[in-house]
Structure formats: structure tokens, C-alpha cells
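Please read them with the structure in view.

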Amino acid sequence: MYEEATIESCAVERYLKCAKCRNVLKHPTQLSACLHILCSSCFHELETTQISNIICPKCNQQNARPSILKSIAGMDDTFRSYSRCDYCDKVALWNCFICAKYFCASCRPKHDNANGNKGHQLSLLPQPTVALNQKLFANESPQVSMESRQAPPILEVEAIDGGSICPLCSDLDCKHLKVLEKLSKQISVSDGLCEIEGHANHGQQNELKFFCLACWKPVCGDCSQRGDHKLHKVSDLVHLKTYLKDSILKSHSKCTMFDTKLEFDITEYKAVEGSLKKHLEETDNEIKSRKYKIIEEATDAFNAVVQEVELQGKNIFQEYQEKLQKIENCRKLLNLFQGALDKLKVDDNLNIPQYNHVFQCQQDVDTFITDINSMVSYLCRLEERILVLPEIMTTPMLTLARAGTEWKHLKLAFTIPLEAEVRFVHSIVVIGSEQCLLTCQMANSDNDAIVYYDRTNITFHDVNKGRYLIAQTSDGSIVVSYSKDQKHYIQYNDGRFLEGNGAEMNLRFTTIKEMDYPAYGIATTNDDKVIICYQIAEKKDVNGILKLSLQGKVLKDTYEEPNSNLQCPRYVTVSNTGEIAVSDSIGNSVVILDKDLKVCERVNLGLPSSFIQDGREPLNSVFGPYGLCYDNYGRIIVTDPDNNSVLRLSRDNFTHKYCMQPLLTKNLENVNFNDPHLVAMGPDSRLWIVCRAHVLVYDYCS
């Protein structure tokens, strides 16, 4: 606090020097915070040259200006002039010596938590009369009367579910539980006397009638005038009663408000919990139904296989038995022949007819030996036959026997802004968790560029001028359709340029197929076949789907097939099981084809009723599919730029027909979600959506 004192003793003057000019003090003035003393002229010089607070020239500590001190010294007048909080314009209860701010009790945390305000010296403004207090606080809280301002009842500590762990900080013994325990204790009534020795024999001076605002504790008169608190701001305890009552009442009101909010949240969470339990039961029943269906079908199939195995086994066993029997009979015949040879003897007693008989028998014996030799050679070759089972086809089973989680509302992971020179994006390939390749039409020309994007790097590849559509094979190779000057090609690159974070500038492709018409969509299958949808420019109603090998061989073409059920094929995608989906922009539908490019189904649905939100109709009442992809569960995700939306097509569990579900629509929260036209599924189940000026990446499912 600033004080002015006149030093009358000349002997003392020799030892008192100004903290600034170092001369003997003249009309000394003491600084409030550091308590150093200056000459009056030096003080006024600092006051006029420094804008905010006064910085001590000796210790560099900040000190309040005289205007603040005068307002504190004449606090009754200040209150009568209705001093207001600098934050909310309510009645001010506190003042800061350093930053000269006035603030009420509710705004004190704003001051204390501000940068650089830690350690500022605060002063509680002395309270006006009771009548003026009623007037001031009535203006702050007109809904609460003075009679209703009663202290809240003493709390009782009750057990919290989950033990004694605090739900705010998840700690076993935290400050919140200690505060609760402290509030729950009964207030101890003492004699109200100062415990410091020597303060007990000064009559009523030893009563704890004052409150030190710096130490935040009650003190007696001796402590405030001559003790440790003589330089601290002290207020009468009686003046703090109204403030304490009002502060406790406000805290109680806030707790009541929070309790109402939590009660509403509990009700809402219980409702969600009920629907979630129902959803889990339905999902459990569905997966069990699939399991039983698969078991039933597998049982029937394996029963048929078992019968076939038994039949084939019997045939093989019978064949072996017949061969064994033939070998045994041949051996018996051979034994008889050996016995006959033993009886046929040639000696000196034979006559001419006998010799002739032996010679004739010898020729028959040679023929017999030759036949026996052939039979033994055939029968002794053991041609073992065994049963063979086909390879286990796990893909269909895994497609059905899988489960995952997804957000009810997709969560935005990050956003990649497109460069200003990018006019339009024709295709996208996701090559990593945060990386993708785009083929973009540039603003300064009609040619495309292949651009490598990630969250920290952008690379424009140097490619031949023309229009590109891009796809990626299972081994990371890149396949593109390339068109320029009425010439159209399917080209290939091994994808090694991606190993260096896509930084290879001069990018070239090898032509594998020259085409007579441009491609409008390109995709690859799991077995590295290329699917292309096209439309002949001269005949807009003539179009088709083409299936190629990576060597350029045409495996299938629907051009000559009638009733292809396609009006304008735009983009194409392939599922993990080989199913093909094509967006038909003119037909307002998604066409489903099998591996042999035969049309299985045409999905042409009206927009769901959930599109009408807050009384706003969709921009276009017709479903307008454009870019599309499959997710890991066989569902089709398709963009509808005409309606600024992304939808999902999934089959109903009972009817097995496709139904439509909106995933994303434009709203105030998604300011960058505008004109979505391409969509792709990343390797980590993140959904990439290409909009007009941004690429939005969402955490989709797991």
C-alpha cells in the first residue's frame, strides 16, 4: 500500500536513499508490492513513463498505480458508485494489484487461469452496508431472495459405485474425495481466540474478528497490525458473511443444475442402453441364424459327399480285390504249369515221335511263358488309388462369419485440402493409412495430372498429357486408362515409384491394350483382372463392361450382348468375393453383376425419408449415383453429388433386397463436405471421400 511520510530526523536521512536516484529521500513514496522507497519526483517520473504497472528500478517487481490504491482506500465510495466486474459487468468483489482488474467471485478463475497472472496479489473489496449489500446482490441474482439464502445442509458421504475411486480423476485417494469428506464434517465450534502466545491478554483484541485475504485464514487484531499479517490485506469477518452466503448458494445452484443435466443424461443413456441391448440380441440372433443355415447347408453337402466317398471307396476296394484275385489265379496257373514241366523230361531213351511231341510242347511253352510274363508285369505294377478332397473355400464362410463395430455417425479422422490448381478429380486409389493417388484435371489445361497426397507431402508426377483413370492391383501395381487425341489405351506400371513415398517425378506406363473407345470407370479384381466400363462416343446408347487380363487379353465383353441393363455406366468397383457394382448415372441406379459380367440386379431406390432434416428437402429427389466402392462387409458405398450426400446400400437380412441408408450429408459441422463425387475404402477401413476442394478421411469401421 502506498504511503507518504515526512522524515524529520536528519540523522535518519543519511541512511535513507532513493531506490532509483540513490540520493537522500525527498518526500519518500513507498511501492505497494516490493515496499522499496522512492523520491516523490522519481516515483512520478516512473508513473508518467510506464503505461500499465510501475516496475521497481531496484528489484524489477510490478507494483500497482496510485489510482488503484485510491479506489481501494475509498472503497465505500467505489461500491456506492457500483464498481463492476471487468469480465461480466456484475458487481466487483475482488481487485488485482498488478493488472488493475476488477472481477466478481464467479469470474475470479478467468483471471487466475490467464497466462501470466499466476502469483498476482488480490484484494477482497470491503463490503458496503447490509442494505447496500441487499441491493447489489439482488441485482446479481434477482430470482433469489435474501430470506431464501440459507446455507445448504451438511452432506453425508455415500458409497460410490465401483468402490472409492473418484469418477472425475479415476484415482483411489484424490482431492475431490478429500473435499467431500471435509464438507461432510460438522463445523467445530471453538472459543474464537487467537492461539498465538502473547495475543491472549489484550482484552478483545485476541478474538479472531478479521480475515487475511493473502493467507486466507482468520486472524486477530494483533496479527493484522503487528504480526505476520501486518502488510497483508485484511477484512472484517462480518463483511464476508454476505459474500460467503451468496457464494455457497451459487455453488449449490450450480450443483442442482449439473444434477438435472446428469439426470437427463442418465435417462438418455439408459434409453440408448436398452436399444443397444436389443440391437445386440438381434445381431446375435442373426449370426446364429447364419451359423445354423451354414451348418444345415454344409451338413447336406457333406452328407452327399460322404455317400459319394463311400461309393467311390467301395469301387476302389472292389477293383483292388478283383486284381488281387486275378494275381492269385495267375499264380495257381503258374504252379500247375511248373508241375507239368516237371513231368516233361528229355533223356536218351526218347524215340523220334517223343522228340517231335517235346518240340511241339516247347513252342506252346514259349507262348505260355510270354503271356505269363506280360500278365505278371501288369499285375505287379501297384497302381494305388486314393480319395481326394477339394481345397477348402474359406472366402464365403469368412464373409458371413465376421463381426465388427462402426460409429453411428462417422468420425472425421483428418482432411487433406486440394491444391488451388486442381479443377476436378477423376479417380482415387488409397495406398496407405494417410496416402492416396489422385488423377486430377488441372485448372490451366484440359490434361490430367497424377498427384500423390498425404498429410505432409504433395507430389505432382510428370506424365504424358491426356486423361487418366487409375486403379491398383493386389500386388500394388498400377493400371490406368489413358486417352488423348481420340486414342485410348490401357497401361500398366509396377508401382515401385510408391516405395519412395510417391516421390518419383517422371512416371511412365507400359501399354497392354489399345481400345477403340474411352473408359469411364476402371477397377481390378482380387485375381488381378481389369474391369472397364465404357461408352461409345458416337453411339451414346451403346456401352458395355470389359474384362481384361494384365497381358491385354479380352476375357469378356458385354458390347454385343443385348439387354445389358446399362444406360450410362460411370464408375465401377469390385468386392472381395468378385461381385461387380456399376453406377448408372442416367438410369439413376447401381447395377450388380457377377464374375462373368452377367447382370444380377438393378438397385434403383428413392431417397430415404431421413434425408428430410429440419424441414429441408433434398436438392434433388432422384437418386443420382456417381462414385462407389465396397466396404469390407460387402456393402456398397456410393456418392450422390446432386444431393450432397454419401449413402450405403446393404441387403436386408430377411428379404435379401438392397436398402438405402444415408451415411453423410452436408451440414454446418461438415463445412468442407461439399459436392462429394468419389469414394474409396482404405486398407485400414478408413473411408476416403473426394469433395470439391478437400479429401475427407473418416474412421469407418473395424
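1. Start with Arg496 and Asp494. Their side chains form a salt bridge, with N to O at 3.3 Å. Keep in mind that this is a predicted model. Arg496 has a relative accessible area of 59%, over the 50% cut-off, so Arg496 is exposed.

2. Next, look at Arg686 and Asp699. These two form a salt bridge as well, and their closest N and O atoms are 3.0 Å apart. Is Arg686 buried or exposed? Its relative accessible area is 17%, which is under 20%, so Arg686 counts as buried. Asp699, at 29%, is partly exposed.

3. Now turn to helix H9, which covers residues 237-343. Lys288 and Asp284 both sit in this helix. They are four residues apart, about one turn of the helix. Their side chains meet in a salt bridge of 3.1 Å, N to O. Lys288 has 37% relative accessibility and is partly exposed. Asp284 has 34% and is also partly exposed.

4. A word on the background. Side chains of opposite charge can pair when their charged atoms come close. How many salt bridges does a search of the whole structure find? The count is 11.

How values were computed. Residues are numbered from 1 along each chain as its sequence is written. This is a predicted model: local features need pLDDT of at least 70, side-chain atom pairs count only at pLDDT 80 or more; totals for chains, interfaces and linings use all residues. Side-chain values use heavy atoms; hydrogens and water are left out. A salt bridge is a side-chain nitrogen of Lys or Arg within 4 Å of a carboxyl oxygen of Asp or Glu. Helices (H or I, at least four residues) and strands (E, at least two) are DSSP runs, numbered from the N terminus. Buried means under 20% relative accessible area, exposed over 50%, partly exposed in between (1.4 Å probe, protein chains only).
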